[in-house]
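I am opening a notebook on a structure that is new to me. I will write down what I look up, entry by entry.

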Amino acid sequence: MASKTGMNSGLILRFDDLCPTVNWQIWDPLEELLVEFGIKPIISVIPDNRDKALILGRPGEDFWGRVQTWQQRGWTIGLHGYQHCYLTKDAGMYGRAARSEFAGLPYEVQEIKLQNAVRIFHQHGVKPEVWVAPAHSFDSDTIEILLSLGVHIINDGYALYPYADEQGVVWIPQQVGRFRKLPVGIWTVCFHFNEWNTADLEQFRNDLRRFRRQIISVNDVLHFCKGRRNWAHAGVARLLGASLRIGRPLREGLRQRQWSARSKGFGHPHGNSG
């Protein structure tokens, strides 16, 4: 259980891919749940979305006014890249996916993109508080530029607890994609709500009831960041990184086998009608 003074464990909730054309039919009731349960999540906002996969409906009314409201509530606003378009096949520092909007690009190109991203936030009266990289992919140049632009917190990487590095970057690790019972550590749970349906919303409500006492905010954990990462954190980072690198090919292979089975007639006799 997490306490505000001596925190042994806690869950930070993060919601990715907020932009004017998200799945508002899911987000609107989801936002109501966050308010109802008093959750202060990380909201990852794309400054200038150009990703066609995230054009899921008509633009919501006064999107940036809503972002301002989220920040006023004490929710943490994440800078989620610039246009959410992958330009390289560079997996970046953590190697989670071989695609990136930033990693591998020249310093000057990254600088222009990030300056534009921050400028858009400021034009709409929003302060970027945390860096949230699309596909978890960025490099040392990205970090250097973010620091020069006043963004000092990164929600990524593997560790048991948040920590500060030698550059003064505050790292809040992001390790899981669903609610879990975890006895120690601060764990960011990352949700991609655009893919949800009403059943997922109901499951989320049930999970909030079950895990509410463990859910914390970014502000609750910043005092951890005065310390450096120790040997235990480094060991956890290696284990989590290895499990992710091993697990992804296994999951992708399973999906490919399932697809192959369906294509040979082992699935629905008339194919997938969804």
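I start with a term: I call two residues in contact when heavy atoms of theirs lie within 4.5 Å. I also keep in mind that this is a predicted model.

**Entry: the whole chain**

I looked up the overall make-up. The protein chain has 7 helices and 9 strands. I then checked burial. Of its 274 residues, 51% count as buried. Residues 24 or more positions apart account for 73% of them in the protein chain.

**Entry: H1 against H5**

Two packed helices are described by the angle between their axes and the distance between the axes. I looked up both for one pair. Helix H1 covers residues 24-36 and helix H5 covers residues 198-211. Their axes come within 11 Å and cross at roughly 10 degrees. Angles under 35 degrees count as roughly parallel, and H1 and H5 are therefore roughly parallel to each other.

Which residues of H1 meet H5? I noted Ile26, Pro29, Leu30, Leu33, Leu34 and Glu36 on the H1 side. On the H5 side I noted Thr198, Leu201, Phe204, Arg205 and Leu208. I sorted the residues of this contact by type: 8 are nonpolar, 1 is polar and 2 are charged.

**Entry: aromatic pairs**

I searched the whole structure for aromatic pairs and found 21. I followed up Phe179 with Phe204. Their ring centres are 6.1 Å apart and their planes stand at 40 degrees, so the pair is tilted. Phe179 lies in the loop between strand S7 (170-172) and strand S8 (185-191), while Phe204 is in helix H5. The pair therefore ties together parts that are 25 residues apart in sequence.

Phe204 counts as buried at 2%.

Phe179 also pairs with Phe211. This pair is stacked, with 5.1 Å from centre to centre and 15 degrees between the planes. Phe211 is in helix H5, and the pair links parts of the chain 32 residues apart. Both Phe179 and Phe211 are buried.

**Entry: cysteines**

A disulfide is a covalent bond between the sulfur atoms of two cysteines. How many disulfides are there, taking sulfur atoms within 2.5 Å as the rule? I counted 0 disulfides. I looked up the exposure of two cysteines as well. Cys85 is partly exposed, with a relative accessible area of 24%. Cys190 counts as buried, at 8% relative accessibility.

Key: Residues are numbered from 1 along each chain as its sequence is written. This is a predicted model: local features need pLDDT of at least 70, side-chain atom pairs count only at pLDDT 80 or more; totals for chains, interfaces and linings use all residues. Side-chain values use heavy atoms; hydrogens and water are left out. A disulfide is a pair of cysteine sulfur atoms within 2.5 Å. Buried means under 20% relative accessible area, exposed over 50%, partly exposed in between (1.4 Å probe, protein chains only). Axes are lines fitted to C-alpha atoms, for helices over the stretch in contact, and angles run from 0 to 180 degrees between N-to-C directions. Helices (H or I, at least four residues) and strands (E, at least two) are DSSP runs, numbered from the N terminus. Angles under 35 degrees count as roughly parallel, over 145 as roughly antiparallel, 65 to 115 as roughly perpendicular and the rest as oblique. Ala, Val, Leu, Ile, Met, Phe, Trp, Tyr, Cys and Pro count as nonpolar, Asp, Glu, Lys and Arg as charged, and the others, Gly among them, as polar. Rings of Phe, Tyr and Trp (its six-membered ring) pair if their centres lie within 6.5 Å; planes under 30 degrees apart count as stacked, over 60 as edge-to-face and the rest as tilted.
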